[in-house]
Amino acid sequence: MPVSGTTWQLIRDSLGPLLDGMLRGTLPLTVISFLLGLALALILALMRLSRVRLATGVARAYVSVVRGTPLLLQLFIIFYGLPSLGLTIPPFPSAVIAFTLNVGGYASEVIRASILAVPRGQWEAAATVGMDYVTTLRRVVLPQASRVAVPPLSNTLISLLKDTSLASTILVTELLRKAQEIAAPTFRFFTLYSVAAAYYWVVCVLLSFSQGRLERRLNRYVAT
Amino acid sequence: MSRPGEPDGVLLEVHGLTKSFGSVPVLRGIDLDVREGSVTVLIGPSGSGKTTMLRSLNALEVPEAGIVRIGDVAVDYGQAPGKKLLTRLRAQSGMVFQGHALFPHMTALRNVMEGPVVVQRRPADVAREEALSLLDQVGLADKADQYPYQLSGGQQQRVGIARALAIRPRLMLFDEPTSALDPELVGEVLQVMKGLAEQGWTMLVVTHEIRFAQKVSDQVLFIDGGFIVEQGPPGELLVAPREQRTRQFLRRILDPL
Ligand SMILES: Nc1ncnc2c1ncn2[C@@H]1O[C@H](COP(=O)(O)OP(=O)(O)OP(=O)(O)O)[C@@H](O)[C@H]1O
Ligand SMILES: [Mg+2]
């Protein structure tokens with residue numbers, strides 16, 4: 001089947017609105033959720049590494065629940081479930097909450113492992129120059145842990161970017177939903193979804209590229 | 001040089017230091033005086049508790065009982081000392097480990113500046129000048145901008161010494177600073193330590209470099225089984241030890257065959 005002129009026309013016309021869905025829906029949702037998720041993950045990782053039994057228990061249970069339930073279901077519980085408890089949250093914040101909680105669970109395991117990969121002697125060396133726990137984390141441990149954590153966290157980020165398409169099911173106007181809205185009246189799903197897929201792919205390639213650069217930067221003080 | 005609360009030039013005072021790991025006693029009542037400006041060398045078999053003792057003086061290890069006083073900071077480990085007090089005790093001494101303790105993601109200069117700037121909040125430019133002069137003192141002025149992986153083991157240890165000096169401690173602790181080094185690198189580190197001794201630094205050194213003990217130290221302690229078995233000036237303890245165990249140990253390390 002030859003690609004008709006009207007198909008090219010449709011692609012051209014959809015590029016703008018879909019870019020809009022990427023820039024105003026998918027990307028903000030990804031970036032905000034990822035940053036909040038990382039903060040949550042760091043707290044969870046430190047709880048699990050702490051010697052406080054209650055803290056380790058809570059963190060462990062949290063990770064287990066987040067990893068043991070479907071992300072789509074987590075979105076539905078927050079957006080469709082909470083209103084029946086009298087708590088109604090608009091689509092975009094609902095999605096941010098769900099993705100933040102989800103990233104927090106997955107990334108906390110990555111961060112925990114990367115902190116454990118920093119030799120014990122580094123904590124002690126930091127102590128001997130007078131650093132307390134927080135300063136040691138900030139100046140000594142996390143910079144070294146980040147070297148280990150960047151590759152797996154990049155995977156988390158790339159997965160998150162694609163997973164934000166699930167937010168279309170709770171009425172967030174991100175890239176996929178934009179494509180659905182344009183396609184629905186014309187039934188040109190194949191074309192519109194292909195353009196949307198191309199957008200996702202381009203952003204993922206860009207992310208992989210910056211991951212490589214970041215890794216090289218973090219590896220500059222390591223003998224090769 | 002005596003300050004208030006510091007009797008007659010004794011900088012470090014240890015009484016009844018006791019530490020166990022689980023049910024295994026490692027330090028079984030250590031008593032020790034170190035005079036300001038003196039060099040004390042600690043020798044003893046593997047597992048005798050030398051590292052544990054040094055770490056206890058630096059509060060990296062918290063013993064069950066015993067009193068440690070360094071300068072005007074005294075800690076009674078039997079009284080469950082608080083974090084604040086332990087931090088103050090720790091600031092009294094600089095610690096040099098066996099190896100691999102530099103911060104790998106910081107240059108030599110940054111390693112040395114880190115304590116003064118980040119912890120002690122001294123102005124960065126002042127700390128920088130001081131760090132450069134400390135690096136110069138350990139013979140590494142030209143390596144300030146190198147990362148640890150770009151330095152030899154001996155150079156890394158010397159940066160470690162500069163980093164410990166930078167927090168302006170009153171006492172320097174060394175735990176086998178040369179034992180992880182290739183033999184030809186041992187001398188440069190011992191030279192730096194000898195220089196510190198000549199400048200009047202008070203030092204407590206765990207080492208099996210007997211020549212260093214002979215030439216530099218004022219007193220030698222032989223520790224075994226968690227006790228100080230024998231102590232005395234190097235000319236006596238290393239040459240004519242009174243205790244059978246000291247004699248056996250010295251024979252083993254001086255003539256391993
Ligand atoms: N964190 C720890 N947990 C359990 N046991 C320990 C710990 N640290 C040290 N020990 C034990 O305490 C004893 C004394 O150890 P320490 O490291 O102080 O000896 P050392 O005199 O420094 O020996 P070496 O010459 O081998 O360095 C050893 O039997 C050691 O196995
Ligand atoms: Mg030891």
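**The interface of chain A and chain B**

Across the interface of chain A and chain B, 2 salt bridges are found, a salt bridge being a side-chain nitrogen of Lys or Arg within 4 Å of a carboxyl oxygen of Asp or Glu. The model is predicted, so that local features need pLDDT of at least 70 and side-chain atom pairs count only at pLDDT 80 or more, while totals for chains, interfaces and linings use all residues. Residues are numbered from 1 along each chain as its sequence is written, chains are lettered from A in the order in which they are written, and side-chain values use heavy atoms, with hydrogens and water left out.

One salt bridge joins the side chains of A:Glu124 and B:Arg55, at 2.7 Å from N to O. On the side of chain A that touches chain B, the elements that give two or more residues are α5 (120-128) and α6 (133-163) of chain A, helices here being DSSP runs of H or I with at least four residues, numbered from the N terminus.

In terms of contact (heavy atoms within 4.5 Å), 19 residues of chain A meet 22 residues of chain B. The area buried between the two chains, that is, the accessible area (1.4 Å probe) that two parts lose on being put together, summed over both, is about 1,800 Å², and carbon and sulfur atoms give 62% of this area. In chain A, the residues that lose the most area to chain B are A:Thr128, A:Val129 and A:Tyr221, which together account for 34% of what that side buries.
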